[in-house]
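Subject: Structure for you to look at

Hi,

Here is the structure I promised to pass on. Please open it first, then read my notes below.

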Amino acid sequence: MTHLQLGFIGTGRIARALIAGLSTRPKTTMYGFDSNAATLRDICNDYPVSSVISIPEIARQAQVLILAVKPYQIADVLAELKPSLTENHLIISVAAGISSEFIRANGISELKVIRVMPNTPAFVGEGMTAICGGKNASDHDVTLARDIFSAIGRVALLNESQMDAATALSGSGPAYMFHILDSLAEGGVQSGLAHNDALLLAAQTMLGAAKMALSGTKKPDELKRDVTTPGGTTEAGLKVMDEQHIRQILIDTVAAAASRSHELMK
Ligand SMILES: NC(=O)c1ccc[n+]([C@@H]2O[C@H](COP(=O)([O-])OP(=O)(O)OC[C@H]3O[C@@H](n4cnc5c(N)ncnc54)[C@H](OP(=O)(O)O)[C@@H]3O)[C@@H](O)[C@H]2O)c1
């Protein structure tokens, strides 16, 4: 493993999750720069991150730069970064809806760019990060990005044309899950459980079902059939889901979010 010099431009919420996951990674030196002095001070107090004083300085210290500012702040960061960029830099952007081409075009033409879309379960080490390599990124660069984002959960390698779909599914997905979780727990309460118990039963059931699906031995439909006895309780519950067309509702949910992501890209 070669020594990794990693620079974070923006050390807010998503950078914090990543830094926490990477803080025990061997052969890794982390630098941070944030325009918010308190945010930067906190991250440097909590984790092995060296504070740097400017964007040009972080570009001098680290060859791999993670852009972790809000999407509307990316253009300003790139304007400041551009004079310090070399073809050896690798830029990894977590900014939602910002294309790798936008970053390259606002940087230098040889710039290697990787675009990633993590999600909030990264804060508990169970993130899902979609990764795509831009024009100049090599397989080695993509492998490095996979390695870095594995520190906060699972990663999937996609084409950039699939990033709207990934944003809609795993980027926005935690909100759908919380909505479903809350509704299931409410069902538990209305059927006689205390709220805390209902939330525990619902959340652990969601976690366990997800783990079974991820084990890959059976498809979700087979796993569903395994729980469903003809004339039993599960069948009665699923009948309501089918009558209310929940499958189509969830398909439409992802489609609407993907379409919005596409609009925002423009
Ligand atoms: N949070 C998530 O769950 C999540 C998931 C997927 C993707 N993302 C992406 O991750 C990116 C960061 O999100 P976040 O939630 O971590 O944001 P955040 O908590 O607001 O962190 C961004 C940090 O960057 C600082 N900053 C602003 N302009 C800067 C500049 N020119 N140079 C250096 N630092 C600067 C901000 O300071 P100020 O507060 O003073 O502006 C803030 O401390 C976004 O582009 C978002 O699309 C986030």
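Start with helix α12, residues 246-265. This helix has 20 residues. From first C-alpha to last, α12 reaches 29 Å. That is close to the 28 Å expected at 1.5 Å a residue. Is α12 largely in the open or largely buried? Of its 20 residues, the number buried is two, so α12 lies largely in the open. Please keep in mind that this is a predicted model.

Now the protein as a whole. The fold holds 12 helices and eight strands. Along the principal axes, the C-alpha trace spans about 70 × 35 × 35 Å. The protein has 266 residues, and 33% of them count as buried. I also looked at contacts between residues at least 6 apart in sequence. Of these, 62% join residues at least 24 apart.

Next, the ligand. Which residues are closest to the ligand? They are Gly10, Gly12, Asn36, Ala95 and Ala96, out of 26 residues that surround the ligand. Two helices, α1 (13-22) and α4 (74-81), each supply at least two residues of this shell. Helix α1 gives the most, with three residues. By class, the shell has 13 nonpolar residues. Another nine are polar and four are charged.

Best wishes

Technical notes
Residues numbered from 1 in each chain as written. Predicted model: local features only at pLDDT ≥ 70, side-chain atom pairs only at ≥ 80, totals over all residues. Near = placed C-beta within 6 Å. Helix = DSSP H or I, 4+ residues; strand = E, 2+ residues; numbered from the N terminus. Nonpolar A, V, L, I, M, F, W, Y, C, P; charged D, E, K, R; others polar. Expected span 1.5 Å × (residues − 1). Buried ≥ 20, exposed ≤ 12 C-beta atoms within 10 Å, placed from the backbone. Contact = placed C-beta atoms within 7 Å.
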